[in-house]
Structures are given as structure tokens and as C-alpha cells.
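Hi everyone, thanks for coming.

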Amino acid sequence: MKTPSNSLSLLLFFLSLSSLVQSLTSPSDISALKAFKSAVKPSSITPWSCLASWNFSVDPCALPRRTFFSCGLLCNSAATRITQLTLDPAGYSGTLSPLLSRLTQLTILDISDNSFSGLIPSAIFSLPNLQILTLRSNSFTGSIPPSISNLKSLESLDFSHNSLAGNLPKSLHFLSVLRRLDLSFNRLTGSIPKLPPNLLELALKRNSISGYLVKSSFSDSTQLEVIELSENSLAGTLPAWFFLLPSLQQINLANNSLTRLEISPAAASGSDLVAVDLGFNRIEGNLPVNFASYPALSSLSLRYNRLRGAIPLEFSKKKTIKRLYLDGNFLTGKPPAAFFTSGDDLVSGSLGNNCLQGCPVSSQLCAPSQKPNAVCKEVYGSGRGKGKPMT
């Protein structure tokens, strides 16, 4: 018969064995983690941070994690491979070790909101299972290499708020399962290449992207819902095919150098377009009346362009529009009276800084005040601001 002491010894043996089973992290993963931590400046590892708890005297995947490796890592169910590396925003600085490529089961790499710098090592673009790659809000430099297309499982890529430069690689198109791409707030140049076929969100805000928008760049991206291209140097016409992209919901092309709009009446049919911002461009011609045909449109900004002519009555009859910014143009005539009727459906925004007549100064919609008559007479008298009427 087993004595209590023998039972206790047996229990401790099995607990010890269980601990050993749960402490078998792949040596290549451990070496990758060591290299990763070694590339971080020790002075930036504060005592309360995730990296401060990484003590390699114990196994990274060992359970329970009470003191060491308390955060920043996730292991698979077998406790042998690292599947997620997600750092806290603790102000870490240093470089990104290329030995991260040894974490071949990694699905998420997120070191956002820190101070990492230097080049993004091309070795990490060989990770076969990576689904989410987020390096947002660091200080990475250099270009995005063509080898990024090797990330065949990538669904989300966020390099925003860094100092990356150069052209967008044409190989982006081969990221066949990519759904979200955010490269905003960098120094990227050149034109937009052919986009991935399953992309839902494209964000390239505040770069130096230039040239014209061409149909071939968007031809395969029929699922695009959000396009954020504001604060770049895009020029020329925003063509009719752009508004025919079947899944579009939000467009922001503000602060570029666009000069003309083409909107087909057919574009509005069945469209899910909710918000359009084309402010601070150089768009000429009449205010496109076809915007009023979009069934779900609730926010429209064409402020500070070179639009002229009257505000179509259709805009005041459209009940879905809640925000309308047309200020800073050369619009004339009387604004539709329905904009100023009492009720809960009043539109917000601005019709100010135009050449309108009879815009009630008591209405917030008419602020700021209209342009001086002399300015309006000079523009219309000299023919400036004229353009071919738009539909």
C-alpha cells in the first residue's frame, strides 16, 4: 500500500514531468528571441516593460508565467513554437534583428509605438506564416523591398508613421490575401502600382505619391472599401471609373493637385459610398450634381477648390447628407432654401467663402462670410475659375 509520502513524491514527479513537457521551446526560437532582445538598447528597457521580464534562465513557453516572460509572447498549444511577438509601447529603441526569420511559426509581429530605427531587415519577409505585420510609429528608414511579396499569408501590413522612402514595390500585387495596407506618414514617392486583389483598405496619407490615378492600379481590387490618399501630390483628373469601383464606401483625396472630376450617373446605382473628401485640390468646373444621386452618401467635402456656378437643388433634397463642406470656392447664386429650414435634419458644414447671394448670416452653414464682391467680379469677369460643366 502506498504511504502518503510516496503519493506526495509521485505527485511531485508528475508535476515535474509536466513542467518539462511544457518547457520545450524550439532552440531556434529561443536564439531568435535572444537576438531580438540583444538588438534593443538596454537603456530603453524599463523595469516595468515586457522585455524586462524576458529572462532566458527559464523556458519562454513554460507555464505558468508569473514572473518571467510575463508578456510580449504567445506560444502554440504544444508550447514548442512562438506564434506571436507583440511588444508593449514602452519606448524601446534599437534595431530589428534579422534573426527573427527563425520564428517560422510566427503569425503576428507587432512592435508598434516604440522607437526602433534603421532598415527593416529583409529576412523577416521570409516568414511563411506571418499574417499581421505592424511596425507603426517607429523610426524605420530605407525602402520597402520587392521581397515583401514573399509574405504569402499576410493579411494586414502597417508601416505607417515611419521615415520610409522610395517607390512602392510593384510586387505588392502578389500579396494575394492582404486585406489592409497602411503606409501613411512616410516619405514614399512615385505612383501607385497594381494593388493586391483582395484589399479592403488602402492608406497612403501624407507621402509624396505623385502622377495620375490609372485604372490598371485598381483593376483587380474590386473589394476596396476605404481609399485614403490625402496629402500627396496626385494630379490630373479623378476619372469616372474610380467611382465605379464596386465596394467603395470612403474616399479621401484631400490636399492633392487634382484638377477635374468625372462622375458617371451610373456610378451612383447601388453604390455604398458614404463619405467623400476632395477638399484642398484645384478642381474646376461646376459642382457635380451626380453626387446627390448616391443613395448612402452622408458626408461630402469639396472645400477650397475652384468650383463655380450654383449649388444644385438636388443637394438640399437629399436627406442622407449630414455634412456638406463647399466653402472656399467661387459658387454663385442663392443657396437652396431647404438648407435653412427648421427641423432635425439640418445639414452641418460650410458654404462660406464663396460668391453666394442671400446666404443667411445667422446660419452657421454660411460661416465664414462670402468673398468680397470685387473678388467675385474679377474672377468671373476675367473668366478665371471657368471650366467645362461637370455632371
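**A parallel sheet, strand by strand**

Let's begin with strand S11 (residues 187-190) and strand S13 (residues 208-211), which pair in the parallel sense over two bridges. Strands here are DSSP runs of E with at least two residues, numbered from the N terminus, and two strands pair if DSSP finds at least two bridges between them. Across this pair, Thr189 stands opposite Ser208.

A quick word on the source: this is a predicted model, where local features need pLDDT of at least 70, side-chain atom pairs count only at pLDDT 80 or more, and totals for chains, interfaces and linings use all residues. Residues are numbered from 1 along each chain as its sequence is written, and side-chain values use heavy atoms, leaving out hydrogens and water.

Moving on, S13 is also joined to strand S15 (residues 233-238), in parallel, by two bridges, and there Gly211 faces Leu234. S15 then runs parallel to S17, with four bridges between them; Gly236 has Leu258 as its bridge partner.

So what order do the strands of the open sheet have? The five strands go S9-S11-S13-S15-S17, with parallel pairing. At the edges are S9 (165-167) and S17 (257-261), each pairing on one side only.

Now over to Ser301, in strand S20 (residues 299-301). Is Ser301 buried or exposed? Ser301 counts as buried because its relative accessibility is 7%, and buried means under 20% relative accessible area with a 1.4 Å probe, protein chains only. Leaving aside residues up to four places away in sequence, Ser301 touches Val276, Asp277, Leu278, Gly279 and Tyr325, with contact meaning heavy atoms within 4.5 Å.

Notes. Buried < 20%, exposed > 50% of the residue type's maximum accessible area, 1.4 Å probe, protein only.
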